[in-house]
Amino acid sequence: MNMTLLVVDDEPNIVFTVERCLASPTLRVITATNAREGIEAVRRERPDVVLLDYRLPDQNGLDAFLVMRKIDPRLPVVIMTAYSKTDTAIEAMSRGVFEYLLKPLDLPTLQRVIAKAQEISRLQRVPAVLPEEMDTDSEAEPIVGQSTVMQEIYKTIGRIAPHDSPVLILGESGTGKELIARAIYHYSVSAQ
Amino acid sequence: MNRYSTFRYILPQLGMSLFFIALGAWATWNVHRHQISVSEVIANEVEGMVILHNLHIKMREVRYQLNQYLRFSNTEHLQKIEELEQDTEKLIEAARLHTTDEEQLKKIVQVAEGYESFRNQLIAVKQMGNEEKNAVLKHLADSHIDALILDPAQECVRQHEKIVERTNNSYRGTARRLIQGFFWLGMTGCVAGVLFGWAIARGLQRSLWEMHLSVTGTVDKLDEVIGPFHTSNATTPDAIRSGLTEIERRVVHVVEQLHEREKELLHNEQLASMGKLAAALAHEMRNPLTPMKMLVQLASSRTTGPGLDTRELQILAEEIERLERAIQTFLDFARPPTLEKRTGDLCASLNDSVKLISSRCRAQDIQLVTNFPTEPCWIQFDATQIKQLLLNLLLNALDELKPQGKIVVAIHRSLERPPQGRRKEAEISRPGILLVVSDNGPGIPTDSLEKIFEPFATYKEHGTGLGLAICRRIVEAHGGTIAARNGALGGAEFVVWLPLDIQASSSQGNVAQPALMKEPS
């Protein structure tokens, strides 16, 4: 599955380098040089991951991130900065930034973080759906099972999805706890 | 207590003392004069009395001789009377000279007349017969001398005595009055001295009290700074002195503390600005390091083909150059180059900067307009630094401008400093040169107009925040001012005022003619 990475930095050389390092047949890299363009790209292109510079000419990266999250609540955003200030790091993480990286970026670290973000993005975007919804979303991964026990589980998912509370899912290894979790997540997002 | 205040306390006392000294001297002199006049009067009277006494003796001698003649009829006695005549006349004349009033003079005149008639009768008897002669002489001896000569003389003596007594009495009265006067003078002097002393003491006490109040006030203030501190409540000089000594000690302590704190503060400030510098440096190095590091890591992970392609190498070169520039900027800021002022053409140097930047202007599609005077502007300046100044201002403008923007660089002669600027000195009307760089970019937020010249106050992603700080330092090193405002073109406008060097132009022989229009000698 092809994914899109949006890189926002006002230094063309950094944008170019990130593109050169991370672009692959499975990862398309799009770029923006300021916050306004970046937000526009999020709205238009629906990228899967955003790599955002903290200090942008027109706006603070963190504020830009908040705007982006309003557009796409499930979008993982990695903030990078040349300033090593602990309070901005803490603030960024507490506001729900996916990762906070210090420049100069280390290529293996960046690759690892972006890969993880891609995975998270995929898990959040590709919903686990109940069998009857299979036709509507071809990208969705279906939960298979028509037995009464499974029916009971579907009903439970339906009951707890709208509630804003933590859920503990228990089960043997390999029974599909992750799928159930994604299903709860998917329906909770849909419910809102 | 300084000399002035001492004098202020002493002055009334001194004035009063001088007054009393003068009064005493005047009185003494008067007494002395009075005494002299009195003794002169008394001497005169006494001399008059002595003369009259002698006259009395002479007249008794005359009577004696007259009686002897009557007894023995010896003409020798009459002869002796004639011999006494001259002395007697002399005495009468002397007595007349010593008269001091009408009464005395009258008596002396009577004496003189009596003596005259006595002599005339004495001469007249020579032609008379013996009987008649003896009768006349007997009358002369028995009554004439007494009644017409001695009695008036005696009265004159009495007059003299009266005058002496009167003078004495008046002298005694004067002496009594003098004693009284001196007594009162002494008393008044004493009382005045006591009063003045009291007044001075009161004044001093009040000063001491005021001093005590300020001492207590100071103590209270010191208490707040370095804890409680006890002084006695007394206002005696000793107590205040000891209090002052204590205060002095405390103040020295406080000043030392302040000094320490100031040093500490300065040190903290240095640390803070070093922190700012370090942060700015970190930012300005980490950004270029990012592509460098990643490209190198990418190249080393490539197993086949060339490590880096042309574009990647170009990026590496650009970023390395940027690092070098950043380091140079920081060095310039941390260790400003010394000013090397030379007389030169300002316009020519500024044109160099404009030329340097013009290719970038074309690339960004920005119109760069220069409005320089046709004549050269001879001033004293450091060409390298002034070029750097304009370059910084132009690069700032270029960073902000969008394609088809416009920058205007203008030079005017000016007699006044721009109203803004950090240093506001009294030399308003010094001749100078105004360099105005304006653009039609977004301009500067009004609340940032003052701040933008502070180090590290950057609003851009690129940049150390030092460009304008360096600009200001260059301008101030030249004795000028720099100010920012939002100008007529709608964007930012930087106004630089540089002084025309008066010495330079006067050394060329003419101050009145503006140096702007002149060739250097």
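Let me start with salt bridges: a search of the whole structure, which is a predicted model, finds 29 of them over all chains.

In chain A, the side chains of K155(A) and E152(A) meet in a salt bridge, with 3.6 Å from N to O. Both residues belong to helix α6 of chain A, which covers residues 148–160, and they are 3 residues apart, or about one turn of the helix. As for how open they are, K155(A) has a relative accessibility of 49% and therefore counts as partly exposed, while E152(A), with a relative accessible area of 39%, is partly exposed too.

E260(B) is partly exposed, at a relative accessible area of 46%.

Further along chain B, R342(B) forms a salt bridge with E340(B), and here the closest N and O atoms are 3.8 Å apart. R342(B) counts as exposed because its relative accessibility is 57%, and the cut-off for that class is over 50%.

Now to the contact between the chains, which takes 24 residues from chain B and 23 residues from chain A. Together the two chains bury about 2200 Å² between them, and 56% of that area is on carbon and sulfur atoms.

How many salt bridges does the rule find across the interface of chain B and chain A? There are 3, and a pair to look at on your screens is R20(A) with E312(B), which form a salt bridge with their closest N and O atoms 2.7 Å apart. Across this interface the rule also finds 11 residue pairs in polar contact, with both residues at pLDDT 80 or more.

On the side of chain B that touches chain A, helices α5 (237–301) and α6 (310–334) of chain B each supply at least two residues. Of the elements there, α5(B) gives the most, with 12 residues. Sorted by class, that side of chain B has 7 nonpolar, 6 polar and 11 charged residues. There is also a network of salt bridges that takes in residues of both chains, linking E11(A), E284(B), E319(B) and R322(B).

I will finish with two single residues, one from each chain. Is S349(B), which has 8% relative accessibility, buried or exposed? S349(B) counts as buried, because 8% is under the 20% cut-off. Its place is in helix α7 of chain B, residues 346–364, and, leaving aside neighbours within four places in sequence, S349(B) is in contact with F381(B), A383(B) and K387(B).

The other residue, V67(A), lies in helix α3 of chain A, which covers residues 61–71, and it is partly exposed, with a relative accessible area of 31%. If we set aside residues up to four places away in sequence, V67(A) touches I39(A) and Q59(A). The C-alpha atoms of V67(A) and A35(A), which are 32 residues apart along the chain, are separated by 9.7 Å.

Terms used. Residues are numbered from 1 along each chain as its sequence is written. Chains are lettered from A and ligands numbered from 1 in the order in which they are written. This is a predicted model: local features need pLDDT of at least 70, side-chain atom pairs count only at pLDDT 80 or more; totals for chains, interfaces and linings use all residues. Side-chain values use heavy atoms; hydrogens and water are left out. Contact means heavy atoms within 4.5 Å. Buried area is the accessible area (1.4 Å probe) that two parts lose on being put together, summed over both. A salt bridge is a side-chain nitrogen of Lys or Arg within 4 Å of a carboxyl oxygen of Asp or Glu. A polar contact is a pair of N or O atoms within 3.5 Å; within protein, one must be able to donate a hydrogen and the other to accept it, and residues adjacent in sequence count only if both atoms are side-chain atoms. Helices (H or I, at least four residues) and strands (E, at least two) are DSSP runs, numbered from the N terminus. Ala, Val, Leu, Ile, Met, Phe, Trp, Tyr, Cys and Pro count as nonpolar, Asp, Glu, Lys and Arg as charged, and the others, Gly among them, as polar. Buried means under 20% relative accessible area, exposed over 50%, partly exposed in between (1.4 Å probe, protein chains only).
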